[in-house]
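Okay, thanks everyone. I'd like to walk you through one model today, starting with where its chains meet and then going inside.

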Amino acid sequence: MSSEPRHLHPAAMLIDAIRIVRRSLSAFVIPGVVFLASRGFDVQTIVLVLFGALVVAVFAAFWGFLSWRATTYEVAGGVFRLRWGVVQKNERTIPLDHVQSVDTVQGIIQRLFGVVEVRIETAGGGASEPDASLAALDRADAEALRREIESSRREPVETEDDAGPTILRRLGTRDLLLAGATSGQIGVALSLIAVASQLFDDVLSESLAQRLLETFAPRSVTAALLYVLILGLFAWLLAIGGTVLAYAGFTLSRDGDFLYIRRGLLERREATIPLARIQAVRIVEGLLRQPFGLSSLRVESAGYGEDAGVSTTLFPLLPRKEVHTLLLDAAPEFAVAPPLNALPRRALRRYVFRSTVPFLFLISAATLFSYLVFDLAAWVFAALLLLLPAALYGRLRYRDAGWALEEDRLVVRSRLLGRTTAIAPRRRLQSRATVRSPLQRRVRLATFQARVASGGGGAELRVTDLGSDTADGLIENLGPRA
Amino acid sequence: MKTEPAKRLDSRAKTLWRITGALGALPLVAGGAFASWILMSVADLPLLFGILPLLAALALFVALASVVPDLRWRRWRYEIRDEEVDLQRGILWIRRTLVPLARIQHVDTQSGPLQRRFNLATVVFYTAAGANQIPELSARAAAEARDRISELTREQDEL
């Protein structure tokens, strides 16, 4: 397939111009402010500043035009070729075989013009070789480019049905809101609020802060509780908002050996996941979601060669019962739901010990301290009260832990806060290990770990406190033989 | 798992680890001495209490420079089998790792200045999910291990 060099959509001029303005802004803001401050706000100064801004804008627009004129792309002779640069002429060719994915992103400016940014992720070169990015293409051109690149990359056998991607599942509005409400990102939102209020404190003058404090300061326990409640509610709404921004219109579709994800409210994102790159699937039942039988799906996907892979959301919220059906359609290699093997009875004591040991330590330290220096009886009492929930938490983790091996696929389940079931085929395991602590050795237990490729040096599948022989059998049986 | 991996590291590793252990613990001893000095001169604690941080640091120093390298060396074993690399290490937490040769992307040998004095080298092999290493082999054994791994890896790729 070959074609003439093509230009980007004219909106690219504006996008480039805005980028220039944004970049020069940081250079101009401080001198500008100093200038304003030293001269005061008389008419002459303001006119001068506006004139300066105009000069920058005109220059940026002109440069944007030149840059648009200089930028062309084409797909010809098995390579993607990008030319750009006003003063210095650049040309980059990417062999189509090395293209890992063609993703489209739609920022706010792109949405205004109804265009998309196309990002071509190269593979094999690692981080040293940057990807190609086309700032603005209209949808038809972007789709054509994607098809051109992918059709040459795909095996000819697989192009038998060219019906286009079939939609597997779409996230409805109700589910979107539910996903936000149960996302458990309240903590993140809370810390954001804390940072914001810190900034607020720094900016406010002291007398003003004093007055605000006097007006709004809680005068009773009830008022303080109310404040906490309102803050929590606010954080919750923030978390919902964040989820809505990221996951609105989440659509998972599949076309042959590729999965496509579209999502995002203001910024529309599209991502491609080649099925062959998926290393492991995780079913996460969050703390707030498990009671409602809900879960989210993640995939660990490898890069190419030394290129780092990613861990990404395959679907943000769906009933746990429907996961298997979706996996059958989306990634059949990972659609297994065997009954899990439980851990040996003797592991229960280890789990309970592990979750209570911080409190035991706290109790003994506080007791010793009370004895030596001054009374901390209240602390000892509080730690004692926490001992029972901690032990129950340990027991919960023990009961949720499990593993299974079904037709060359490893399934492990564990709980930290939420309960996570991870599925990985044997051929994807990069290494297996057993670890035995001195305490585990005494009761013939071992921790099993397997690693798969993913972003940031891989991801781990782990079962803590398997029977020693079981763990040995697992790392042996998951070998390349057999 | 049936048996331990067959091969041990080079015995000069113990000497090297004693040196690096001692060098690594020196700042600790200095820190301990400083803490003791603070406790006795500034906080006016009796010698019995004040000397404790220094003693602790010294004990750690002695352990790192004598017992720990021996224990570590005795535990460390490796074996390059036809299909996998088998590693065992760890003094308290014993870790056994199996890495299929088919998953190994490339192999390096590395040797720092101190290692070169002892004619030792480390073999590092990379998979898509991180690196593993066999430290302190004699330079010749390391080169052999590296070549053997890369050879077997190639064979596995051809399958």
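So, the contact between the two chains first: 22 residues of chain A are in contact with 20 residues of chain B. Keep in mind that this is a predicted model.

Which elements of chain A give two or more residues to the side that touches chain B? Those are β18 (429-436), β19 and α13 (468-477) of chain A. The largest share comes from β18(A), with 7 residues.

To pick out one of the partners, Arg436(A) is bridged to Ile94(B) in β4(B).

Okay, now the inside. The largest nonpolar core has 83 residues. The ones with the most contacts inside that core are Ala280(A), Val281(A), Ile423(A), Ala424(A), Val452(A) and Leu461(A), plus Leu137(B) from the other chain. And β19(A) turns up again here: that strand, residues 445-452, gives the core its largest share, 5 residues.

What does Leu137(B) touch, leaving aside its neighbours within four places in sequence? Leu137(B) is in contact with Leu9(B), Asp10(B), Leu120(B), Ala121(B), Val123(B), Ala142(B) and Ala145(B).

One last thing. Apart from the 83-residue core there's another one, of 26 residues, and among them are Leu8(A), Tyr73(A), Phe80(A) and Ala142(A). That's what I had, thanks.

Definitions and conventions: Residues are numbered from 1 along each chain as its sequence is written. Chains are lettered from A and ligands numbered from 1 in the order in which they are written. This is a predicted model: local features need pLDDT of at least 70, side-chain atom pairs count only at pLDDT 80 or more; totals for chains, interfaces and linings use all residues. A nonpolar core is a set of buried Ala, Val, Leu, Ile, Met, Phe, Trp, Tyr and Cys residues joined through C-beta atoms within 7 Å. A residue is buried if 20 or more other C-beta atoms lie within 10 Å of its own, exposed if 12 or fewer, and partly exposed in between; C-beta atoms are placed from the backbone. Helices (H or I, at least four residues) and strands (E, at least two) are DSSP runs, numbered from the N terminus. Two residues are in contact if their C-beta atoms, placed from the backbone, lie within 7 Å. Two strands pair if DSSP finds at least two bridges between them.
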